[in-house]
Amino acid sequence: MRWQMGRRSGNVEDRRGMTPQGGRGLKGGGIAVLLLALVGMYFGVDPAVILNTFQGGDLPARQEAGVSSPEENKLADFVSVVLADTEDTWETLFRQAGGTYEKPKLVLFSGAVQSACGFAQAATGPFYCPADRKVYIDLGFYSELKNKLQAPGDFAQAYVIAHEIGHHVQNLLGISDQVQELRARLSQTEYNKVSVKLELQADCFAGVWAHHADRVRNILEPGDVEEALNAASMIGDDNLQKRAQGYVVPDSFTHGSSAQRVAWFQRGLKSGDIRNCNTFNN
Ligand SMILES: [Zn+2]
């Protein structure tokens, strides 16, 4: 991906090396969250449901607080450029549709973080919190993506951000609220199906971003699309469930199969039109 010359976003909150704020004691809060997650698992609750309220995980932080390597700082720079590109792209698309794009913040953290959706540990993977309209990402996830999930490449990394931004777009369009309302009326199984549609639409929106970013700024290099498609496939439910060890990515448990993720990303990428991303009618 050609990114070095790109604009840097002013909306990155770098909380790497910071202790989570919010007054909840790590000990008490951690145990409560863990219990909640266990109860959720026992009753077969989709972990994404828990993600909306609390984040749980019992893996230790992989990173010493306050230490960031040059490679990691380069990655932070890359994230800032991808975020800026999603801002420019979605601003244009919203304006063309007569709307206004409200830019989200992106929080970089290490170890653990406090969000309006609860306390999150790095092991939970990247996520979007609709309540504070922020994307949260621990840069360590990228080494997991590359090494454990075998999805290397800068465009695979960009795709992960674009997917989370896709959730922000859904939030702005009121889609997340509609899905949330359905939750009370549907059985868990039915709701999970709707939840998958929401995730696949975020993939399609990521494709829409890639389409326009490439057309306007010519960001794609040979192999980039394949990197994103490979990532989409590697973090599909079926593949993750097969692996079932290593990094825990609760947001992706309800993402749909690898084939579905690839298909919807491609649909967005080819058309560049969000009207082709109506996963709810499929
Ligand atoms: Zn998602």
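Here are a few notes on this predicted model, for reading beside the structure.

1. Ground rules. Residues are numbered from 1 along each chain as its sequence is written, and side-chain values use heavy atoms, without hydrogens or water. As the model is predicted, local features need pLDDT of at least 70 and side-chain atom pairs count only at pLDDT 80 or more, while totals for chains, interfaces and linings use all residues.

2. Start with helix α7, residues 188–217. Helices here are DSSP runs (H or I, at least four residues) and strands are E runs of at least two, numbered from the N terminus. Just after α7, Asn218 has a positive phi of about 55 degrees.

3. Now look for Asp77, in helix α3 (residues 70–96). Its relative accessibility is 27%, so Asp77 counts as partly exposed (buried is under 20% relative accessible area, exposed over 50%, partly exposed in between, with a 1.4 Å probe and protein chains only). Leaving out residues up to four places away in sequence, Asp77 touches Trp3 and Arg8 (contact means heavy atoms within 4.5 Å).

4. What about the largest nonpolar core? That is a set of buried Ala, Val, Leu, Ile, Met, Phe, Trp, Tyr and Cys residues joined through side-chain atoms within 4.5 Å. It has 55 residues, and Trp90, Tyr142, Phe155 and Trp209 touch the most other members. The largest share, ten residues, comes from α3.

5. A second, separate core has nine residues, including Phe109 and Tyr136.

Terms used: The expected span of a helix is 1.5 Å times one less than its number of residues.
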